[in-house]
Amino acid sequence: MERAEILIVEDDPNYVELYGAVLKSAGYTTAVASDPKEALASIQRRAPDLVLLDLTFEGTPQAGLDFIPDALHRWPDLPITVVSSQDQSAIITKALELGAVDYIVKDQSLYDLLAFRVSQTLTRTRLERRIKMDGGFIFDAGRVIIGRSPGMLHVYDLIERVAQHRSTVLILGESGTGKELVAQAIHARKGLPNAPFVSIDCGAVPKSVLEPELFGVKANYPGFHNKERLVGKLEAAGDGTLFLDEIGNMEMDLQASLLRVLEERRFTPLGETTSLALRAQVVASTNVNIDAAIRAGKFREDLYYRLNEVPIVLPPLRDRKEDIPLLVRHVLAQHEVRSGDRIEIVPEAVEKLMAYAWPGNVRELVKTLQRAGTLCRSRYLTPKDLDLSPATKPAVAATEFTPIDESILSISVRMPSETAPLAEFTRVARRAYARHAMAQAKGNRLMAAGLLGVDIRTLRRLLNDHREDEAS
């Protein structure tokens, strides 16, 4: 929980003592003003995060009601929660119409409700302030998720909620919707600057590589040739966040191992006999249709329920097109920072972007604008500057994949030495397989990814690895 100061505007010392005890036990600091006039001076001096306001001073609620618009005129974003014995609906309605964000009646439930309602209000107002700053959710040193659509506002609310707990989170969404960015936002909102964010792509590596990467390996463990203990991601994440990207592609037997870890909150590195505690919050993501994968026997239903303690579903860009102008503004502003060139977009070009279906989601929009900004010959982007594929274009052409055979493999793969671990051979073989698919697709990465049954990002990583090998 973030620290916050609460200004108590109350003339009854018994309630002042009650509020102070409840709020301090919840981690807040407090200041006290005995009447609205003193409260205005205190706000000017202390800039509190929230005001708890009684309405009745000198026998009438009017003084408290008058305070609300007076304070909001000077400090428009100041949250004011009324706590009053006045329970008439007309007065409650009036206070809310004047700008109070919440109204709590002084009754028997006050002691139990107060800290919870204050926490809710602070979370909501901080969220609204971050959204106002740049059309999106600013979560760490200016990093932002762009969007004000209802679907994204719900996502921001969930980020705030799960960041303060250790619940396992499953982020679902199509490729390009920003799943890793949401995971980073959850981590950042914990407020633990020294806690690590550790990520591993469960779809890019085979089990023989993923298992030791995840669990760690004892020094000199047979088949690994590591003279020192290999620290796995489960341990390296410490008290921070472990992000399991594309978990829908994890192999079944490793899914069983992960399920045990999540249930017991402990894991054992390969070759070790002593288990270690899992301290990190686990956040997973996938663009796979989990229900279909469960029916096909490719994903464990019990692991899905364990991961899905808190689901966050990212809407595709086609379902939140009202966010496209905000995204365009943000991307072009970033382009100006990088290149020094200020580029504006004409309304007709925005309309063209709004009419497109965006199968690649936000990632595709960003790449489209970056390419257009680089190639544009003037300071204005027009419709002809935007290279968009037709919305009906198939993701993969109907091409039959010819499986790679041993003769191709023996030529394509630089065989490792006899003492090299099997994982190294598997890694090199997968790159050769990806290169074979690229050759068959005549260099079309989208088609090659479809032939291999992987997403474009996984294919890109394999090909980048291949180029790095050639360069070395």
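In what order do the five strands of the open sheet stand? In this predicted model, the order is S9-S10-S13-S8-S14, and the pairing is parallel.

Strands of a sheet pair through backbone hydrogen bonds, and the pairing may be parallel or antiparallel.

The helices may be considered next. Two packed helices are described by the angle between their axes and the distance between the axes. Helix H2 (residues 36-46) and helix H3 (residues 62-74) have axes that come within 10 Å and cross at roughly 20°. Because angles under 35 degrees count as roughly parallel, H2 is roughly parallel to H3. The crossing in which H2 passes H3 is right-handed. On the H2 side, the contact is formed by Pro-36, Ala-39, Leu-40 and Ile-43, while H3 contributes Ala-63, Phe-67, Asp-70, Ala-71 and Arg-74. By class, the residues of this contact of H2 with H3 are seven nonpolar, no polar and two charged.

A further helix pair is formed by helix H13 (residues 324-339) and helix H15 (residues 361-375), which pack at an angle of about 45° with their axes 10 Å apart. That angle makes H13 oblique to H15. The crossing of H13 and H15 is right-handed. From H13, the residues Leu-327, Val-328, Val-331, His-335 and Arg-338 meet Val-362, Leu-365, Val-366, Leu-369, Gln-370, Gly-373 and Thr-374 of H15. The contact of H13 with H15 comprises seven nonpolar, four polar and one charged residues.

Finally, how confident is the prediction, and where is confidence lowest and highest in the protein? The average pLDDT is 84, and 86% of the residues score at least 70. Confidence is highest in strand S8 (residues 169-172), at a mean of 97, and lowest in helix H16 (residues 406-412), at 41. Over residues 403-419 the pLDDT lies below 50, and this stretch has 22 contacts in the model beyond near neighbours in sequence. The pLDDT is also below 50 over residues 466-472, a stretch with six contacts beyond near neighbours in sequence.

Methods:
Residues numbered from 1 in each chain as written. Predicted model: local features only at pLDDT ≥ 70, side-chain atom pairs only at ≥ 80, totals over all residues. Heavy atoms only, no water. Axes fitted to C-alpha atoms, helices over the stretch in contact; angles between N-to-C directions. Helix = DSSP H or I, 4+ residues; strand = E, 2+ residues; numbered from the N terminus. Parallel < 35°, antiparallel > 145°, perpendicular 65-115°, else oblique. Left-handed = near helix turned anticlockwise from the far one by under 90°. Contact = heavy atoms within 4.5 Å. Nonpolar A, V, L, I, M, F, W, Y, C, P; charged D, E, K, R; others polar. Pairing = 2+ DSSP bridges. pLDDT = per-residue confidence, 0-100.
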